Amino acid sequence: MMTTTTNAGATSDDQRAQSVFYRAIWRWHFYAGLFVVPLMIVLAVTGSIYLFKPQLDRLMYGDLMNVVHTSGSAQSYTSQVAAAQTVYPAASVGKIRPSDAHDRSTEISMSTSDGRNLTVFVNPYTNQVLGERDEDWNLQTVALKLHGELLIGTVGDRIIELAACWAILLTLSGIYLWWPRSKSGIWGTWLPRLRSKNKRIFWRDLHAVPGMYASLIVLFLLITGLPWTGYWGENFANISSKYPNQLWSNIPESTALTGSLNTTTDKVVPWAVEQAPLPQSDPDHAEHRGNGASAPVPSSATEGPQAATPVTLDSVIAVAKARGVIASFTVTPPSSAKGVYTIAAVANDPADEATIHVDQYSGAILADIRWRDYALVPKAVSMGISLHEGKYFGLPNQLLALFGAMTVLLLSVSGVVLWWKRRPAGRLGAPNLPANFPHWKPVLLLVALASLAFPLVGASLLFMLVLDLTLFRFAPRLKQRFA
C-alpha cells in the first residue's frame, strides 16, 4: 500500500509540475507574442514584396532594363560610364553591372551631389542614357529597408534582430504548447475545428494547427535571415567566415573588410566574404610583385604578361569573363589611390558566387574567392540565404517562401484575435505565473542557453524573468494590470 500511495503521489506531483511548467511557458509565449506580432507582420509583408523583386523590376522598369539589339557591336564600358557621367556630371560612380544579355542595358550606380543614389541605365549599343531608378525610394528598396531596419538605421536593425530571435523562441514554445499530452483525436491537434460554433476554439485551432505544420519553414526563414543582422550576424560571421592564409600571402591588406562594400539595401559582395580582408593596390609599382598575385592583364589572349595594357573597366570586365564569372556580375571601381577593382557575383546558386579583387595599376589578381574556398558554415549560410530570398530554384522557391510569410501573417492575426477574445475587460490577460514555481532551475538554464545563442534575447529574457519574480510580486496593482 505504501508503495502504491507513494507512486500515486509522485504521479500527481509530476502532473502538477508539468501543468505549472506548461503555464509558465504559455505566459512567456504570450509576452513574446505581444512584442513580436507587429514586427512579424512587417517582416512578412515586406519580405513577400522583396521575394518577387526580379518580376517587379521587369514590370516596373522594363523600359529601362530592355534594349533593342542592333547588328552593331556594343560600345566600350568605359564610354558607357562616360555617357552616364555626361548626364550626371557631379555624380560619383559606384558599381557597374555590365549588360548580361543582348537585349539588356548596362546598369551604373551613381551618387549625386544632392545625396541621391541612382541606378542609371545605358544602352550598350548607342551609349544613350535611358533613364534612372531611385535606389532610396522605390518599392523594392523601401520594402527591404523596412525588412532590415524599419527605416531607422542601426536601432531598427537591432529591433528586427531581437524580434527574429524572440520569434524563434516563440515558435519553439508554440510547438511545446501544441504537443499532444493525451490520446486525443485528430481534431484540434492535427486538423482545425473550423466548423466549431465556439469562436475561441475556431481561432485557437486556426492558430495552433497551421502553426505546427509550418513551424519548420518559419524557423528556417527566421534562422536564415539572422546572418544579415548587424549584431548577431556580424559576430557569427567573425567566428565562422575564415579563409586560408595563403589567399592573403604577401598581399597588401587594408583595415577595411570586403563587407564594407555592402549596405542594407545593396549587397555588392556575397555574405560569405564579408569578413575577408579587402586587399590594396600598390601605387608605387607598375606591376604587383606579391607571391600570391597573378600576372597583369594581357592586352589579348595571345599576348603574354609582358604586353600588359593599362587597367581599365573594360580590361577588368574581360578578366571576369575569362575567369568564368557568371554573367550577372558587378564591378566596383577603386575609391582611393590604394583601392581595388572588385568583381562580384551574388548568384542565385551560391556555387556560382565569386569575389575577385584586381590591382588598379598592374591588373594583378590580388584575390579570387569562390565557393570552393568557403568553409562548411559559410556554405550552409550562403545556401540558406539563397533559399530565404527565393532565389535558389526559381519560382517554386519564391512560392515556398511566400507560403512561409503568409503563415506568419495567419499566426500573427489569429494570435491577436485569440488574445482579444479571451482578454478580461480592462486587463492584459496574461496567463498567470504560479506562486510557487518549482521549475526555476530549468528556466534559468533556458535563459542561459538563449543568452549564448542570442545575446540580445538573453538580456531581454533575463529582464522579463526579474520582472516576473520580483516587481510583479511586490506591486499588486501592476501585476493586476498585466494579469
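**Entry 1: the second largest pocket**

I began with the second largest pocket, whose lining consists of 34 residues; H29, L177, H207, G415 and L418 are the ones nearest its centre. I note at the outset that the model is predicted. I looked up the space in this pocket and found about 1000 Å³.

I then asked which helices each supply at least two residues of this lining. I listed α1 (2–51), α5 (153–178), α6 (199–225) and α10 (394–422). Of the lining residues, 10 come from α1, which gives the most. Sorted by class, the lining holds 22 nonpolar residues, 9 polar ones and 3 charged ones.

**Entry 2: R422 in helix α10**

I next turned to R422, which I located in helix α10. Is R422 buried, exposed or partly exposed? I recorded a relative accessibility of 26%, so R422 counts as partly exposed.

I also looked for its contacts, leaving aside residues up to four places away in sequence. R422 touches W26, R200 and G429 on that basis. For R200 I noted the spacing as well: R422 and R200 stand 222 residues apart in sequence, yet their C-alpha atoms are 7.7 Å apart in space.

**Entry 3: aromatic rings**

I looked up the aromatic pairs and found a count of 10. Why is the pair W419 and W420 edge-to-face? I found the ring centres 5.5 Å apart and the planes at 75°; an angle over 60 degrees counts as edge-to-face, so this pair belongs to that class.

I compared the accessibility of these two residues. W419 has a relative accessibility of 19%, and buried means under 20%, so W419 counts as buried. W420, with a relative accessible area of 53%, is exposed.

I noted one aromatic cluster made up of W232, F236, W271 and F454.

**Entry 4: charges over rings**

I asked which ring R133 lies over. I found R133 over the face of Y61, at a distance of 5.1 Å from the ring centre. I recorded a further case at F202: K199 lies over the face of this ring, 5.5 Å from its centre.

**Entry 5: positive phi values**

N127 is not a glycine, but its phi is positive, at about 65°. I placed N127 in the loop that runs between β3 (117–122) and β4 (129–134).

Where does L151 lie? I found L151 in the loop between α4 (139–149) and α5. With a relative accessible area of 40%, L151 is partly exposed.

**Entry 6: the chain as a whole**

Among the chain's contacts with a separation of 6 or more, 64% join residues 24 or more positions apart.

Technical notes: Residues numbered from 1 in each chain as written. Predicted model: local features only at pLDDT ≥ 70, side-chain atom pairs only at ≥ 80, totals over all residues. Heavy atoms only, no water. Phe/Tyr/Trp six-rings, centres within 6.5 Å; stacked < 30°, edge-to-face > 60°. Buried < 20%, exposed > 50% of the residue type's maximum accessible area, 1.4 Å probe, protein only. Lys NZ or Arg CZ within 6 Å of the ring centre and 35° of its normal. 1 Å grid on protein atoms, 1.4 Å probe; cavity = no way out; pocket = protein on both sides within 12 Å on 5 of 7 lines; lining within 4 Å. Points joined across faces, edges and corners; volume = space filled by probe spheres on them. Helix = DSSP H or I, 4+ residues; strand = E, 2+ residues; numbered from the N terminus. Nonpolar A, V, L, I, M, F, W, Y, C, P; charged D, E, K, R; others polar. Contact = heavy atoms within 4.5 Å.
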